[in-house]
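The entries follow the order in which I looked things up.

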Amino acid sequence: MSDDNLTTNTGQPSPASEDTIGRRGLLKTLAAVPFFGVFILNFLKKKASDDARKQAILEELGVVEGGPAVIPEAISRPPGDRIRVGIIGNGGEGEALVRSAGFAHPDWVENAREANREDPRNKALETYLYQDDLNVELTGVCDVFDVRAERGIAASQVQERSGDAPQQQTSARRYLRYTHMLESSAVDAFLIATPDHWHSQMVVDAANAGKHVYCEKAMTRTEAEAHALYDAVKASDIVFQLGHQNRQSESHMKAKEIIAADILGPITLVETTTNRNDPWGAWVWEIHKDGNENTIDWEQFEGPAPNKVPFSLERFFRWRCWYDYGTGLSGDLLSHEYDGVNQILDAGIPHSAVASGGIYFFKDGRDVPDVFQAVYEYPDRDITFVYSATLANGRNRGMVFMGHDASMEVSGSLTVTADRSSTRYKEKIEDNVIRPSMPMFTYRPGFKGIDAMTSATEEYFASRGLLYTYRGGRRVSAYHLHIAEWLDVIRNGGDTSCNVERGFEEAMTCHMATRSYLEGRKVTWDPVRRRIV
């Protein structure tokens, strides 16, 4: 090798040549040192071999180790005009949305601070304080439970805001009915976190009033409601976002790149699961000590519910246990898993669905199943999608995409493992470059170990990337990013990642499983009439 090959065009030794000479010299030196030197020498040789194998695998896959090629930049631009936001339904999910917009209840701030003192791994407060100022005001709160409405008003005056956001000067106003807030000129956009049976009517009314909407999943309780909501939004100029915050997960974005690169080969089976084993995860939520007929507007809560019943604290606080207000596992948790698959595969509405299950463990008066399975068929793509759930066992099972050449498991991270009988990777498997017993590719965005979790349910949401993800190596609330994206589209145009089209696909897919379960038969989707038959 000539001297020219060891220098840059400036005449100075190149970094690469210095590294090569340095390694050669180090290896020669270590080879002459007994015992410890031999150990280090073998270690470096193995590392060099592993690095070469890793490089060969990455070249074969055509992917890079870094983050997704394109990540939405919704929060990288300074927010524009101030947007005045109202919350309808300020329960647990509503408070999470309001907090992600920059308004944490003072009690939550203090509890999060204490939790961090007890366990430094708990980064909830740090994540909140470092999220960006979205330039919003919380100007309206509507909840049928007085306590929750008052908590929303208190959150609007929180002194410890996220980012550099100053304290809001005027408290949010309480509205006894959401229609009064829709009529107010003080609110531009709405966060809807009510029970599912109210979603459609509220979104339709908001669209007719020209108010932007962020609506929690599931989009609707019934098929007919989904059509009404879809038609109203499409006929309006509002910006709609459905609350599937997994759309902001870096691992999901990377998974989409893996699919686009055809690394798995033909995919024939996708499996997703929800396993929980605690009462909270089964919707046996706390009944507030101050809940009673004087503090809860029961008539307004029931609203469009198909079956009116006498006042019930259990039904009010644990509403997901009844079909009158939601769709149980289908609308609550299958909806998350389906939307993840739809985001990664662009799957759309399946051709058919068969569902089964029952109330096997929580025999507490509920009428939605606590064990639920659904099988969807996509014959035009030669794919079967299986969802499996139990609320009485916490065994962790992830979302898995199974191809002829490799399988990909997706959660908050991502792992790709070659199949022993792969056609594409046959030679590299035979040459021991790719080992089916080890992952070919692992992607862990901002991985620093799991944060402290206090329940199996929280761990499930964290593992799915539903609580937080990463941007530039920094942990960020997925809720915050999803709301930020919605606000950015309101200000600057474009489209949200979980718009009404994606919401309609989610709604119909979940309703197909619910209808199959309730009617005990296979159902299909008619794409011409856009109906479940």
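**Notebook entries**

I began at a loop: alanine 218 lies between strand 5 (212–215) and helix 9. I recorded that the model is a predicted one. I then examined the backbone at this point and found a cis peptide bond joining lysine 217 and alanine 218, with omega at about -15 degrees.

**Whole chain**

I noted 17 helices and 18 strands in the chain. Of its 533 residues, 53% are buried. I looked up the contacts between residues at least 6 apart in sequence and found that 72% of them join residues at least 24 apart. The chain exposes about 24,200 Å², and carbon and sulfur atoms supply 51% of that area.

**Helices 8 and 9**

I next asked how the axes of helix 8 and helix 9 are placed. The axes of helix 8 (residues 199–209) and helix 9 (residues 223–234) come within 9 Å and cross at roughly 15 degrees. Helix 8 is therefore roughly parallel to helix 9. The crossing is left-handed. On the side of helix 8, I listed His199, Ser200, Val203, Val204 and Ala207 as making the contact; helix 9 contributes Glu225, Ala228, Leu229, Ala232 and Val233.

**Helix 6**

I asked which residues of helix 6 are buried. In helix 6 (residues 146–156) they are Val147, Ala149, Gly152, Ala155 and Ser156. I found these buried residues packed against helix 3 (92–100), helix 4 (106–118), strand 2 (136–142) and strand 3 (173–174).

I traced an open sheet of ten strands in the order 14-13-12-11-7-10-9-8-17-18, with mixed pairing. Strand 14 (441–443) and strand 18 (531–532) stand at the edges with a single partner strand each, so one side of each has no neighbour in the sheet. I checked strand 8 (residues 352–358) against strand 17 (residues 523–526): the two pair in the antiparallel sense over two bridges. Here alanine 353 stands opposite valine 523 of strand 17. I also saw that helix 17 (residues 500–519) lies across strand 8, strand 9 (371–378), strand 17 and strand 18, and runs at about 55 degrees to strand 8.

**Positive phi angles**

I looked up two loop residues. Aspartate 346, in the loop between helix 13 (329–345) and strand 8, has a positive phi of about 55 degrees although it is not a glycine. Aspartate 346 is exposed, with a relative accessible area of 52%. Asparagine 432, also not a glycine, has a positive phi of about 65 degrees. I placed asparagine 432 in the loop between helix 14 (426–430) and strand 14, and its relative accessibility of 38% counts as partly exposed.

Notes: Residues are numbered from 1 along each chain as its sequence is written. This is a predicted model: local features need pLDDT of at least 70, side-chain atom pairs count only at pLDDT 80 or more; totals for chains, interfaces and linings use all residues. Side-chain values use heavy atoms; hydrogens and water are left out. Two strands pair if DSSP finds at least two bridges between them. Helices (H or I, at least four residues) and strands (E, at least two) are DSSP runs, numbered from the N terminus. Contact means heavy atoms within 4.5 Å. Axes are lines fitted to C-alpha atoms, for helices over the stretch in contact, and angles run from 0 to 180 degrees between N-to-C directions. Buried means under 20% relative accessible area, exposed over 50%, partly exposed in between (1.4 Å probe, protein chains only). Accessible areas come from the Shrake-Rupley method with a 1.4 Å probe; for residues, only the protein chains shown count as cover. Angles under 35 degrees count as roughly parallel, over 145 as roughly antiparallel, 65 to 115 as roughly perpendicular and the rest as oblique. A crossing is left-handed if the near helix is turned anticlockwise from the far one by less than a right angle, and right-handed if clockwise.
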